[in-house]
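With the model open in your viewer, please follow the stops below in order, selecting each named part as it comes up.

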Amino acid sequence: MVIHDEETLRMAQELADRKGVSLSDVFAHAVRAELDRMPPALQAKTREEKLALMAELQKRSAALPILDPRTPEEMLYDEDGIPK
C-alpha cells in the first residue's frame, strides 16, 4: 500500500501513534467503518441486486401518503406565474 497524499499519511500516522496501533490497522479500521456505514442499496454487488433494491425503494415511496396534493408549479408560483 502506497499513500501519495502526504497530509493523509500524516493524519493516519498521528492516529496510529495515538492509538498505539500500526498504520495498516488504522487504514483497515477506517475502511471497515466506512463499509459498515454504507446504506444497503450501495452494498449491492450485482446489477440484479441493485435493481431489486431500487424496485423496493420505488414501492415504498409510492406507498407514502400525499401530504400536499398541489403540483410543483402550484407550490412554487402564484396565479400570475410569479415565484412565491
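Residues are numbered from 1 along each chain as its sequence is written, and side-chain values use heavy atoms, with hydrogens and water left out.

Along its principal axes the C-alpha trace spans about 65 × 35 × 20 Å, and the chain exposes about 7600 Å², of which carbon and sulfur atoms supply 59% (accessible areas come from the Shrake-Rupley method with a 1.4 Å probe, and for residues only the protein chains shown count as cover).

Switch to a cartoon, which shows five helices and zero strands; helices (H or I, at least four residues) and strands (E, at least two) are DSSP runs, numbered from the N terminus. Colouring by pLDDT, the predictor's confidence in each residue from 0 to 100, gives a chain mean of 90, with 95% of residues reaching 70 or more. Among the elements, helix 1 has the highest mean pLDDT (95) and helix 3 (residues 40-43) the lowest (68). Where pLDDT is low, the predicted coordinates should not be read in detail.

Next, select helix 1, residues 6-19, in which Glu6 lies. The end C-alpha atoms of helix 1 are 20 Å apart, in agreement with the 20 Å that its 14 residues should span at 1.5 Å a residue; the expected span is 1.5 Å times one less than the number of residues. Glu6 is exposed, at 69% relative accessibility, and its C-alpha is 51 Å from that of Ile66, which is 60 residues away in sequence. Just after helix 1, Gly20 takes a positive phi of about 70 degrees.

Now show the charged side chains, where the structure holds six salt bridges, each defined as a side-chain nitrogen of Lys or Arg within 4 Å of a carboxyl oxygen of Asp or Glu. In helix 1, Glu7 pairs with Arg10, their closest N and O atoms being 2.8 Å apart; because they are three residues apart in that helix, about one helical turn separates them.

Moving to helix 2 (residues 23-37), select Arg32 and Asp36, which lie four residues apart, about one turn of the helix. Their salt bridge has its closest N and O atoms 3.4 Å apart, with Asp36 exposed at 54% and Arg32 partly exposed at 47%.

Then pick Asp68 and Arg70, whose salt bridge brings the closest N and O atoms to 2.7 Å.

Finish at helix 5 (residues 72-76), where Met75 is found, partly exposed at 34% relative accessible area. Met75, Leu76 and Tyr77 make a nonpolar surface patch of about 280 Å²; patches consist of residues with over 30% relative accessible area and no salt bridge, like charges being joined within 9 Å and nonpolar side chains (Val, Leu, Ile, Met, Phe, Trp, Tyr) within 5 Å.

Definitions and conventions: Predicted model: local features only at pLDDT ≥ 70, side-chain atom pairs only at ≥ 80, totals over all residues. Buried < 20%, exposed > 50% of the residue type's maximum accessible area, 1.4 Å probe, protein only.
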